[in-house]
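Visitor: I would like to learn how to read a model like this one. Please show it to me, and we can go feature by feature.

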Amino acid sequence: QVQVSESGGGLVQAGGSLRLSCAASGRTFISYDLGWFRQAPGKEREVVATINWSGTITSYADFVKARFTISINNAKNTVYLQMNSLKPEDTAVYYCAAKAALRANYEYWGQGTQVTVSA
């Protein structure tokens, strides 16, 4: 059974940095995509960044470009989200998710990790 689990959230001041980790387990993840999503209070969940298993294809939401970086360590089955220059509006629960590359929708979701950015 596929499982993904996030860690690394916390409280940080505006302008600071955090690195989120997502550990994936339960199968071989070749031909899988992984993504980071976030949901702020009262708002819908939105995609932050995605990466394919080989790490050769990445995508970012416009609001995080040049501030966040998604990366993958295949040996550790772990995906990272390095978040720099954090803003109060980045405050949200951040979720990691996985899907088979040919599927349109993400199938497997973590429990989420809270990121709070103070002004």
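Visitor: What share of the contacts in the protein with a separation of 6 or more comes from residues 24 or more positions apart?

Guide: First, the ground rules. This is a predicted model, where local features need pLDDT of at least 70, side-chain atom pairs count only at pLDDT 80 or more, and totals for chains, interfaces and linings use all residues. Residues are numbered from 1 along each chain as its sequence is written, and side-chain values use heavy atoms, with hydrogens and water left out. Now the idea: contact means heavy atoms within 4.5 Å. Here, residues 24 or more positions apart account for 54% of the contacts with a separation of 6 or more.

Visitor: How many helices and strands does the protein have?

Guide: Helices (H or I, at least four residues) and strands (E, at least two) are DSSP runs, numbered from the N terminus. This protein has 0 helices and 11 strands. From the N terminus on, the elements read β-β-β-β-β-β-β-β-β-β-β.

Visitor: What does the radius of gyration say about a compact globule here?

Guide: The radius is taken over C-alpha atoms, and the globule rule is 2.2 Å times the number of residues to the power 0.38. For 119 residues, a compact globule would come near 14 Å; the protein has 13 Å, which agrees. Along its principal axes, the C-alpha trace spans about 40 × 25 × 25 Å.

Visitor: What percentage of the residues count as buried?

Guide: Buried means under 20% relative accessible area, exposed over 50%, and partly exposed in between (1.4 Å probe, protein chains only). Of the 119 residues, 45% count as buried. For area, the method is Shrake-Rupley with a 1.4 Å probe; for residues, only the protein chains shown count as cover. The protein exposes about 6300 Å², and carbon and sulfur atoms supply 48% of that.

Visitor: Which residues have the most contacts inside the largest nonpolar core?

Guide: A nonpolar core is a set of buried Ala, Val, Leu, Ile, Met, Phe, Trp, Tyr and Cys residues joined through side-chain atoms within 4.5 Å. The largest one has 32 residues, and Leu 34, Trp 36, Leu 81, Met 83 and Tyr 94 have the most contacts inside it. Strands β3 (18-25), β4, β5 (46-52), β7 (68-73), β8 (78-83), β9 and β11 (113-118) each give two or more residues to this core. The largest share, 5 residues, comes from β9.

Visitor: How many salt bridges does a search of the whole structure find?

Guide: A salt bridge is a side-chain nitrogen of Lys or Arg within 4 Å of a carboxyl oxygen of Asp or Glu. The search finds 6. One of them joins Lys 99 to Asp 33, with the closest N and O atoms 3.0 Å apart. That pair links distant parts of the chain: Lys 99 is in strand β9 (residues 92-100), Asp 33 is in strand β4 (residues 32-39), and they are 66 residues apart.

Visitor: Is Lys 99 buried or exposed?

Guide: Lys 99 is buried, at 7% relative accessible area. Asp 33 is buried as well, at 16%. Lys 99 touches Ser 31, Tyr 32, Asp 33, Ala 104, Asn 105, Tyr 106 and Glu 107, leaving out residues up to four places away in sequence.

Visitor: Which backbone oxygen does the side chain of Lys 99 reach?

Guide: Think of polar contacts. A polar contact is a pair of N or O atoms within 3.5 Å; within protein, one must be able to donate a hydrogen and the other to accept it, and residues adjacent in sequence count only if both atoms are side-chain atoms. The side chain of Lys 99 reaches the backbone oxygen of Ala 101 at 3.4 Å.

Visitor: Which residue forms a salt bridge with Asp 62?

Guide: The partner is Lys 65, with the closest N and O atoms 3.2 Å apart. Asp 62 is exposed at 65% relative accessibility, and Lys 65 is partly exposed at 49%. Elsewhere, Glu 107 pairs with Arg 103, also through a salt bridge, at 3.2 Å between the closest N and O atoms. Glu 107 is partly exposed at 30%.

Visitor: Which residues are linked in a network of salt bridges?

Guide: Arg 38, Glu 46, Arg 67 and Asp 90 are.

Visitor: What does Asn 73 touch?

Guide: Asn 73 lies in strand β7. Asn 73 touches Thr 78 and Tyr 80, not counting residues up to four places away in sequence. Its side chain reaches the backbone nitrogen of Ala 75 at 3.1 Å.
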